[in-house]
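Biologist: I would like to go through this model with you, one question at a time. Please define each term when it comes up.

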Amino acid sequence: MATGVLLFLMAMLPRVLGDERRMAALVKFTARSFVTSFPVPFGAAIVETVSGQLLLRTVNAVAQQFDPTCHAEVRAIRLATKKLKRFSLAGYTLYTTCEPCPMCMSAALWAGLDRVVYGATIEDAARHCDQITVPAREVASRGDLRCVVEGPVLQEECYGLFTHPVMLRMFEKWRPAPAAGKPGQHA
Ligand SMILES: [Zn+2]
């Protein structure tokens, strides 16, 4: 029994460490937005599942592109499929600093991604901005398409993006939402 547990941990450890390393890099990448005109806590990366090779990283561009669907995950998927010139991302894993909203999780399923690994949870994000609080695992379980959802990974570090002073000031601007619309919602 103990040997079985040990073997399981030895098999899992490289993947867990790889996930943490890639998420840490994504947190740093996302934090770079704090010195731009469009600070966001939502970043996403697409990585080849087997090799761990990075394909691309990006951040939410809802405000920048006047596109309410331009969440980090959807944007990463669009950029990746264009880069690869194919509509399937089978063989790839999506890392995201925040649990995907139902739109982004659906996009991940339609893209055929192997895995989605998230940092902060939707509940974490909902403390600061509007969310559709359906867990990503629930969205993934409702369809015919398969995608492994894992997280939270480095939740504290990812949530730190939401509680950074720059973001706390920005959330205040997002909050009083006049009819004209508020800029950067969710991932
Ligand atoms: Zn989303």
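Biologist: How many helices and strands does the protein have?

Modeller: This is a predicted model, in which local features need pLDDT of at least 70, side-chain atom pairs count only at pLDDT 80 or more, and totals for chains, interfaces and linings use all residues. Residues are numbered from 1 along each chain as its sequence is written. Helices (H or I, at least four residues) and strands (E, at least two) are DSSP runs, numbered from the N terminus. On that basis the protein has five strands and eight helices.

Biologist: What is the radius of gyration of the protein?

Modeller: The radius of gyration is taken over C-alpha atoms, and the globule rule is 2.2 Å times the number of residues to the power 0.38. For 187 residues the rule gives 16 Å, and the protein is close to that, so it is as compact as a globular protein of that length. Its radius of gyration is 16 Å.

Biologist: What share of the residues counts as buried?

Modeller: A residue is buried if 20 or more other C-beta atoms lie within 10 Å of its own, exposed if 12 or fewer, and partly exposed in between, with C-beta atoms placed from the backbone. Of the 187 residues, the share that counts as buried is 40%.

Biologist: Which elements do the buried residues of α3 pack against?

Modeller: Helix α3 covers residues 72-84, and its buried residues include Val74, Ile77 and Ala80. Two residues are in contact if their C-beta atoms, placed from the backbone, lie within 7 Å. The buried residues of α3 pack against β1 (43-48), β2 (54-59), β3 (92-98) and α4 (102-111).

Biologist: Which residues touch the most other members of the largest nonpolar core?

Modeller: A nonpolar core is a set of buried Ala, Val, Leu, Ile, Met, Phe, Trp, Tyr and Cys residues joined through C-beta atoms within 7 Å. The largest one has 46 residues, and α4 gives the most to this core, with six residues. Beyond four places in sequence, the contacts of Ala108 include Ile77, Leu94 and Cys147. The residues that touch the most other members are Ala108 and Val116.

Biologist: At what angle do the axes of α1 and α7 cross?

Modeller: Axes are lines fitted to C-alpha atoms, for helices over the stretch in contact, and angles run from 0 to 180 degrees between N-to-C directions. The axes of α1 (residues 2-31) and α7 (residues 155-162) come within 10 Å. Among the residues making the contact are Met23 and Val27 of α1 and Leu161 of α7. The axes cross at roughly 5 degrees.

Methods
Expected span 1.5 Å × (residues − 1).
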